[in-house]
Amino acid sequence: MGDSRCGDDCPARSASGGAPVIRNVVVGRLRQTDDPDQQAADAALLQEGLAGMAALRLPGMLAMSVGADLGLRDGGWSFAITNDWQDADSYRTYDADEEHNRLRREIFAKICQDIARVQIQLD
């Protein structure tokens, strides 16, 4: 079970009166390269991909946050995407969405050496 510490008025609760919410967490690590031009191109594509993810609006989406790592601690991943869904079916719709998969295929798959994802239930 997921760990939710924000109480009864938690914004990550569905509109159906506190039903469990699905949180999707994705972290990615950009491919390693010593070429400064490639690093700059990858960073620009990352920003394009994150902006595209943040612009998605799908039924059942409760929240979406995206961002590049701030580098506050060594060993971090390059970026994170989190989103909350009112239920598993809403998450599955997002996972199958054409634009979401275009971004994954045309941007993230090209610039990332690693991507990890997990879905948890908030209750």
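This report describes the sheet, the nonpolar core and the salt bridges of a predicted model.

Residues are numbered from 1 along each chain as its sequence is written, and side-chain values use heavy atoms, with hydrogens and water left out. Because the model is predicted, local features need pLDDT of at least 70 and side-chain atom pairs count only at pLDDT 80 or more, while totals for chains, interfaces and linings use all residues.

**Sheet**

Helices (H or I, at least four residues) and strands (E, at least two) are DSSP runs numbered from the N terminus; two strands pair if DSSP finds at least two bridges between them. Four strands form an open sheet in the order β2-β3-β1-β4, with antiparallel pairing. The edges are held by β2 (61-68) and β4 (112-122), each of which has a single partner strand, so one side of each is left without a neighbour in the sheet. On average, neighbouring strands are turned by 10 degrees against each other, direction ignored; axes are lines fitted to C-alpha atoms, for helices over the stretch in contact, and angles run from 0 to 180 degrees between N-to-C directions. Strands β2 and β3 (residues 79-85) pair over 7 bridges, and Met61 has Trp85 of β3 as its bridge partner. Helix α3 (residues 98-111) lies across β1 (21-30), β3 and β4, at about 115 degrees to β4.

**Nonpolar core**

A nonpolar core is a set of buried Ala, Val, Leu, Ile, Met, Phe, Trp, Tyr and Cys residues joined through side-chain atoms within 4.5 Å. Buried means under 20% relative accessible area, exposed over 50%, and partly exposed in between (1.4 Å probe, protein chains only). The largest core has 20 residues, and those touching the most other members include Trp85 and Phe108. Its largest share, 4 residues, comes from α3. Beyond its neighbours within four places in sequence, Phe108 is in contact (heavy atoms within 4.5 Å) with residues including Leu46, Met53, Phe79 and Ile115.

**Salt bridges**

The whole structure holds 8 salt bridges, each a side-chain nitrogen of Lys or Arg within 4 Å of a carboxyl oxygen of Asp or Glu.

| Pair | N to O distance |
|---|---|
| Asp84, Arg23 | 2.7 Å |
| Arg31, Asp42 | 2.8 Å |
| Arg92, Asp89 | 3.4 Å |

Asp84 in β3 and Arg23 in β1 are 61 residues apart; Asp84 is buried at 6% relative accessible area, whereas Arg23 is partly exposed at 27%. Asp42 is buried at 2%, and Arg31 is partly exposed at 32%. Arg92 and Asp89 both lie in helix α2, 3 residues apart, and both are exposed. A network of salt bridges links Glu99, Arg102, Arg105 and Glu106.
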